[in-house]
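This report goes through a single protein chain, from its overall layout to individual residues. The sequence and structure come first.

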Amino acid sequence: MGKGILEVQLIDAKGLADTDFLDDADPYVLIQYRTQERKSSICRGQGSNPSWNETFKFVVHSPSGEHQHKLILKLMDHDTFTADDFMGEATINVADVIALGMENGIGELRPCKHRVVLADGTYCGEIRVGVKFTTEMKEEEEEEELGGWKHSFRS
């Protein structure tokens with residue numbers, strides 16, 4: 001199989017627990033796909049209802065086991081003088097989106113809400129995310145699409 005690009009559209013979150021006592025939380029998201037990690041911008045002063053509207057790209061190599069195609073979104077509260085606080089986590093299984101993309105050239109999960117939970121599974125809000133997977137053609141496939149013209153001059 002080939003490879004492709006997984007695009008993650010991070011839109012917003014609602015109902016997050018505010019971890020700061022004096023000020024509103026300054027949320028950001030750490031997005032992890034396998035060994036790749038991206039960090040969103042920090043939504044300063046937006047508290048429990050932040051809005052990002054950002055897109056992140058991850059390289060996907062030939063799919064293997066279905067359990068390895070999970071997108072993990074860790075919501076964090078940025079703190080200036082102390083360690084950042086964990087606000088919750090959402091997990092999205094993207095195996096079907098990747099499989100559809102491998103078959104059709106593109107697979108998409110339109111933006112929808114996902115549960116944000118704490119380590120013990122307690123619900124603590126929701127995050128809205130969209131996912132799109134697009135395949136990249138291998139060089140041999142690109143050459144074949146020329147209709148054999150390149151091959152006609154070989155001896």
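## Basis and confidence

Two strands are taken as paired if DSSP finds at least two bridges between them. The pairing of β1 (residues 3-14) with β8 (residues 123-136) rests on 11 bridges, and the two strands run antiparallel.

The model is a predicted one. Mean pLDDT for the protein chain is 85, with 79% of residues at 70 or more. Residues 139-155 have pLDDT below 50, and this stretch makes three contacts in the model beyond near neighbours in sequence. Where pLDDT is low, the predicted coordinates should not be read in detail.

## Overall layout

The protein chain holds two helices and eight strands. Along the sequence they follow the order β-β-β-β-β-β-α-β-β-α. Of its 155 residues, 35% count as buried. Among contacts between residues at least 6 apart in sequence, 63% join residues that are at least 24 apart.

## Strand β1 and its partners

Strand β1 pairs with β8 and also with β4 (residues 51-60), to which eight bridges join it, again in an antiparallel arrangement. On the β8 side, V8 stands opposite V131. On the β4 side, D12 has S51 as its bridge partner.

G4 belongs to strand β1. Is G4 buried or exposed? Its relative accessible area is 0%, under the 20% cut-off, so G4 counts as buried. Beyond residues up to four places away in sequence, G4 touches F58, V59 and V60, together with F133, T134, T135 and E136. The C-alpha atoms of G4 and E136 lie 4.8 Å apart, although 132 residues separate the two in sequence.

## Nonpolar core

The largest nonpolar core has 29 residues; L6, L10, I31, L71, L73, L75 and I127 touch the most other members. At least two core residues come from each of β1, β2 (27-33), β4, β5 (70-77), β6 (85-93), α1 (95-104) and β8. The largest share, five residues, is supplied by β8.

L75 gives a view of the surroundings of one core member. Apart from neighbours within four places in sequence, L75 is in contact with A13, L16, Y28, V29, W52, D85, F86, M87, G88, V116 and I127.

## Rings and charges

How many aromatic pairs does a search of the whole structure find? The search finds one. Rings also lie under charged side chains in two places described here. R38 lies over the face of F58, 4.7 Å from the ring centre. K39 has its charged end over the ring of Y28, at 4.6 Å from the centre. F58 is also one of the residues touched by G4, and Y28 is among the contacts of L75.

## Positive phi values

Most residues other than glycine have a negative phi. R34, a residue other than glycine, has a positive phi, near 50°. R34 is found in the loop between β2 and β3 (36-39). With a relative accessible area of 29%, R34 is partly exposed, because this value falls between the 20% and 50% cut-offs.

N53 likewise has a positive phi near 50° and is not a glycine. N53 is found in strand β4. Its relative accessibility is 58%, over the 50% cut-off, so N53 counts as exposed.

Notes
Residues numbered from 1 in each chain as written. Predicted model: local features only at pLDDT ≥ 70, side-chain atom pairs only at ≥ 80, totals over all residues. Heavy atoms only, no water. Helix = DSSP H or I, 4+ residues; strand = E, 2+ residues; numbered from the N terminus. Phe/Tyr/Trp six-rings, centres within 6.5 Å; stacked < 30°, edge-to-face > 60°. Lys NZ or Arg CZ within 6 Å of the ring centre and 35° of its normal. Buried < 20%, exposed > 50% of the residue type's maximum accessible area, 1.4 Å probe, protein only. Contact = heavy atoms within 4.5 Å. Core = buried A, V, L, I, M, F, W, Y, C linked by side-chain atoms within 4.5 Å. pLDDT = per-residue confidence, 0-100.
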